[in-house]
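Dear colleague,

Please find the structure below, followed by an account of what was found in it.

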Amino acid sequence: MNDRVSRPRLGLRPWGASPQARPWGVLASLLVPILLFQCGGAPVRMALRFDRQAILAGEVWRLLTAHFVHLGWTHCLLNAAGLCLCLALAGNRHGMGWWWRRTIVLALGISLALLWLPPHIPDYVGLSGVLYGFFVLVLLPMARRDWLAAAVLLFVVGRMLWQLLAGASPDEERLIGGMVIGAAHAYGVALALAMLAWRAVGRFRARAAP
């Protein structure tokens, strides 16, 4: 009789299996720095925002911190609400490490794309690009079997494409107090798709391994 316990190869865990996941703990860990930075006002925003010239001069922390500061409280709370929605849709599928690893990858990837790819944005703040990536990472694997996930995903991607091609509405920009950078949202979606593709390739190779 074989007493060995079978284990997933390559450390891959079946979708939905994350016994340590605590959605509200994850939410708090992401929201606390955002709200604290917002309390610091304009000086903190200016010190941490994406600033092309400052980054090229060596202030590389801005590649990450830019996504945790906002134009004002309205901008901040809108992104906080989006994060709450994303966590609610994801439920307990993912733990703290999953969210933070992807936050860092998305934030750095978006910033590097803004730095090196058109339209060469001079300055940027906000979590929205990361949020667009999160929605794709969370909803696309669920979309086949969950009509709500599919509907929200279509809305998110459609909104991203509209902003990229037609631009944001003046009312939206007045609400947040600045320009909507559609390119950041598109980069977030593209990075999320690349991450999902990479994971799919890893799973395929794990199944194909002898």
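In helix 6, W98, W99, R102, T103, L106, A107 and I110 meet G129, V130, G133, F134, L137 and V138 of helix 7, where contact means heavy atoms within 4.5 Å. By class, this contact has nine nonpolar, three polar and one charged residues (Ala, Val, Leu, Ile, Met, Phe, Trp, Tyr, Cys and Pro count as nonpolar, Asp, Glu, Lys and Arg as charged, and the others, Gly among them, as polar).

This is a predicted model, in which local features need pLDDT of at least 70 and side-chain atom pairs pLDDT 80 or more, while totals for chains, interfaces and linings use all residues. Residues are numbered from 1 along each chain as its sequence is written, and side-chain values use heavy atoms, without hydrogens and water.

Helices are DSSP runs (H or I, at least four residues) numbered from the N terminus. The axes of helix 6 and helix 7, which pack at about 130°, are 9 Å apart; axes are lines fitted to C-alpha atoms over the stretch in contact, and angles run from 0 to 180 degrees between N-to-C directions.

Helix 7 (residues 128–139) also packs with helix 5 (residues 73–90): their axes come within 10 Å and cross at roughly 10°. Helix 5 is therefore roughly parallel to helix 7 (angles under 35 degrees). Among the residues that meet here are L83 and C86 in helix 5 and F134 and V138 in helix 7. This contact has 10 nonpolar, three polar and no charged residues.

W99 touches C86, F134 and V138, among others, not counting residues up to four places away in sequence.

Yours sincerely

How values were computed: Helices (H or I, at least four residues) and strands (E, at least two) are DSSP runs, numbered from the N terminus. Angles under 35 degrees count as roughly parallel, over 145 as roughly antiparallel, 65 to 115 as roughly perpendicular and the rest as oblique.
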